[in-house]
Amino acid sequence: MTNTTEPSPRTRFVYDEWIESVGVPIHTGFYISDLRTIELGWWEERGCQTGFVQLEGQEGVSETRITEIPPGETLPSYSIGLDEVVYVLKGNGATLVEDGDGHSDSFEWNTRSMFLVPAHANRRFRNLSGESVRLIHYTYLPLALSVVTDPDFFLKNPYRPAGDNGSDKPTAFGDAANIAGGEGYRWINGQRGKGVAYWYGRFYPDMSAWDRLDSNSERGAGSKTVRIQFAGTDMSAHMSVFAPQTYKKGHRHGPGRAILIPKGEGYSLMWKEGEEKVVVRWQEGSMFVPPNRWFHQHFNVGLEPARYLAIHPPIQLNGYTEKVVNANDQVEYVNEDPSIRAMFEEDLAQRNLTSLMPDEAYTDPSFSWS
Ligand SMILES: [Fe+2]
């Protein structure tokens, strides 16, 4: 894949060259309005309709790929040498996971389920419904290909882990469990989070219904969060839920964080410091990725709580990206550009709604959401 005899310095990621070689649509830009309807193309090797989504903010860190399964069909089994998070954009089906060591497990999923398939396990996706299924897969393949530049090393690797790793076995697909008192990468009051609660497991049945959430008040808007640690891997995610007719504080961090919308209606602003803002309108099925060190801010203009699911980059990047409660990386309401509030109120007015942001939030630096 990589031409190591090239006379000039490389300016592209091996991953970008590889997805071009697959020959299916590659969707770029800042956001996708609806992953459930974007154009796909036939990928002979995987025997399915596929599309790659490589947005500005993914920056050679994360891969996102769409798979479609026709009604009643089962796709050919495949294995990759990387852990893979799968979110169900639409449809009902099942996954059969085999680890090559005599262990197998199958589990059923629905629209808005999320699960992790561990590296090197064979996986077979099946549509159990009368309508087409769409999945989105998230991996660190772009980063991996910057370390080992041959895609076949990850996509056609016959290696299978040996031995019984307990909960790390791919047979562990029961619903995720709540763990209290963990130590997280989230920074709270200037230090790495201690005593945080998080969800641990490989299967999350319905991200739109999850209601066991913790307060995340430092980000404003009565925000609540569920932290997710996938079992047997470094991979993690979080989901935030925030109140109707409110908005969260602007903040910034590193690249590679794929944001999916399980439920709600709103928009986000994304901007490089001092530059024009990009407006991302979202609803269920949307995806966007804030580029490295770009500020971004989320606005709920609907009548219901909105939720977004953020699948994280590797913890080497996630660690520093969460130091956002410090000055310069989070914009308090009292310091924000007044046009942000004006745009929000105007957007709501067009829907015959009004902002539920308390006035004190804009005047009192110590204002705290009750
Ligand atoms: Fe963020």
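Predicted model: local features only at pLDDT ≥ 70, side-chain atom pairs only at ≥ 80, totals over all residues.
The protein chain contains six helices and 25 strands. Of its 370 residues, 43% count as buried. Among contacts between residues at least 6 apart in sequence, 74% join residues at least 24 apart.

Helix α1 spans residues 14-22, and V14, Y15, W18 and I19 in this helix are buried. These four residues cover an arc of only 130° around the axis, so they sit on the same side of α1. The spacing follows from helix geometry: an α-helix has 3.6 residues a turn, so residues three or four places apart point the same way. The other side of α1 carries E20 and S21, which are exposed. The packing partners of the buried residues of α1 include two helices, α2 (141-147) and α3 (151-155). Strands β1 (26-27), β4 (48-53) and β5 (63-69) are also among these partners. After the helix comes G23, which has a positive phi, near 85°.

Strand β17 covers residues 236-242, and seven of its seven residues are buried, so this strand is largely enclosed by the rest of the structure. In a regular strand the side chains alternate between the two faces of the sheet. In β17, S236, H238, S240 and F242 point one way, while A237, M239 and V241 point the other way. The residues of both groups are buried.

What does β17 pair with? One partner is β16 (residues 224-230), which runs antiparallel to β17 and is joined to it by six bridges. Within this pairing, M239 of β17 is the bridge partner of V226. The two strands form a hairpin with five residues between them, and G232 in this hairpin takes a positive phi near 75°. Another partner is β24 (residues 306-311), again antiparallel to β17 and joined to it by six bridges. Here H238 has A310 in β24 as its bridge partner. M239 and H238 belong to the two groups that point opposite ways from β17.

The last stop is E336, in the loop between β25 (330-331) and α5 (338-349). Is E336 buried or partly exposed? With 16 other C-beta atoms within 10 Å, E336 is partly exposed, because a residue needs 20 or more to count as buried. Leaving aside residues up to four places away in sequence, E336 touches G250 and V331. E336 and K249 are 87 residues apart in sequence, yet their C-alpha atoms are 8.6 Å apart in space.

How values were computed:
Residues numbered from 1 in each chain as written. Buried ≥ 20, exposed ≤ 12 C-beta atoms within 10 Å, placed from the backbone. Pairing = 2+ DSSP bridges. Contact = placed C-beta atoms within 7 Å. Arc of directions from axis to C-beta.
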